[in-house]
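Me: Please show me the sequence together with the three-dimensional structure, and then let us discuss the structure by question and answer.

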Amino acid sequence: MSAKLNALNSDSYIDVSQYRDQHFKGNRYEQEKLLKQSNTLYVGNLSFYTTEEQVHELFSKSGDVKRIIIGLDKVKKTACGFCFVEYYTRADAEHAMRFINGTRLDDRIIRTDWDAGFKEGRQYGRGKSGGQVRDEYRQDYDPARGGYGKLAQQHRPTEARNSF
């Protein structure tokens with residue numbers, strides 16, 4: 001098939017991205033197969049204050065949501081900026097990938113990606129401090145994600161950290 005026809009048949013909104021969960025138990029082929037038939041989405045860049053009800057309200061516009069799993073800081077057990085949204089059908093999940101990825105939720109641009117399927121324990125952040133790894137390296141101040149990144153907080157004077 002020519003590249004031009006291939007592009008016409010492609011739907012970049014629902015294609016499987018290049019990102020792969022490094023903690024996936026299985027080989028690359030198995031993971032790829034699960035991603036291509038999954039009904040589960042990973043949702044990132046959420047505010048720490050976004051509720052399950054807000055996520056449900058937005059994502060149910062694309063189809064029937066089976067369940068939502070809010071990502072938690074593994075130490076504090078508080079929200080840490082991501083969740084999993086599982087639909088009953090692949091078609092509903094595809095609608096969410098097309099129409100919700102890149103939209104605003106709780107005043108933040110969220111991103112969605114295919115997930116191979118939620119397994120217990122994956123709801124916890126994988127960063128050394130308990131939250132998400134990327135939040136540890138963030139240099140900017142983001143009040144919706146706990147202020148400065150964890151490593152940046154360690155290098156700031158105490159009075160500067162406490163003034164927010």
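Me: What is the average pLDDT of the protein chain?

Reply: This is a predicted model, in which local features need pLDDT of at least 70, side-chain atom pairs count only at pLDDT 80 or more, and totals for chains, interfaces and linings use all residues. Residues are numbered from 1 along each chain as its sequence is written, and side-chain values use heavy atoms, with hydrogens and water left out. The pLDDT is the predictor's confidence in each residue, from 0 to 100. In the protein chain 67% of the residues score at least 70, and the average is 79.

Me: Which element of the protein chain has the lowest mean pLDDT?

Reply: Helices (H or I, at least four residues) and strands (E, at least two) are DSSP runs, numbered from the N terminus. Helix α3 (residues 52-59) has the highest mean, 98, and the lowest, 46, belongs to helix α1 (residues 3-9). Over residues 1-10 the pLDDT is below 50, and beyond near neighbours in sequence this stretch has three contacts (heavy atoms within 4.5 Å) in the model. Where pLDDT is low, the predicted coordinates should not be read in detail. The element asked for is helix α1.

Me: How many bridges join β1 to β3?

Reply: Two strands pair if DSSP finds at least two bridges between them. Strand β3 (residues 79-87) pairs with strand β2 (residues 65-72) in the antiparallel sense over six bridges, and A79 of β3 is the bridge partner of L72. Strands β1 and β3 also run antiparallel, with E86 of β3 as the bridge partner of T40. The number of bridges joining β1 to β3 is five.

Me: Which residue in the hairpin of β2 and β3 takes a positive phi?

Reply: The hairpin has six residues between the strands. A positive phi near 60° is taken there by K77.

Me: Why does the pair of Y42 and F82 tie together parts that are apart in sequence, and by how many residues?

Reply: A search of the whole structure finds four aromatic pairs, which are rings of Phe, Tyr and Trp (its six-membered ring) with centres within 6.5 Å. Planes under 30 degrees apart count as stacked, over 60 as edge-to-face and the rest as tilted; Y42 and F82 are stacked, at 5.8 Å centre to centre and 20° between the planes. Because Y42 lies in strand β1 and F82 in strand β3, the pair ties together parts whose separation in sequence is 40 residues.

Me: Is F82 buried or exposed?

Reply: Buried means under 20% relative accessible area, exposed over 50%, and partly exposed in between (1.4 Å probe, protein chains only). Y42 has 16% relative accessibility and therefore counts as buried. The relative accessible area of F82 is 5%, so F82 is buried.

Me: What is the geometry of the pair of Y42 and F84?

Reply: Y42 and F84 are both buried, and together with F82 and F118 they form one aromatic cluster. The ring centres of Y42 and F84 are 6.0 Å apart and the planes stand at 75°, so the pair is edge-to-face.

Me: Which residue makes a polar contact with the side chain of Q123?

Reply: Q123 is in the loop between β6 (111-115) and α5 (133-137), and its 8% relative accessibility means that Q123 counts as buried. Not counting residues up to four places away in sequence, Q123 touches several residues, including F82, F84 and F118. A polar contact is a pair of N or O atoms within 3.5 Å; within protein, one must be able to donate a hydrogen and the other to accept it, and residues adjacent in sequence count only if both atoms are side-chain atoms. At 2.7 Å, the partner of the Q123 side chain is the side chain of E120.
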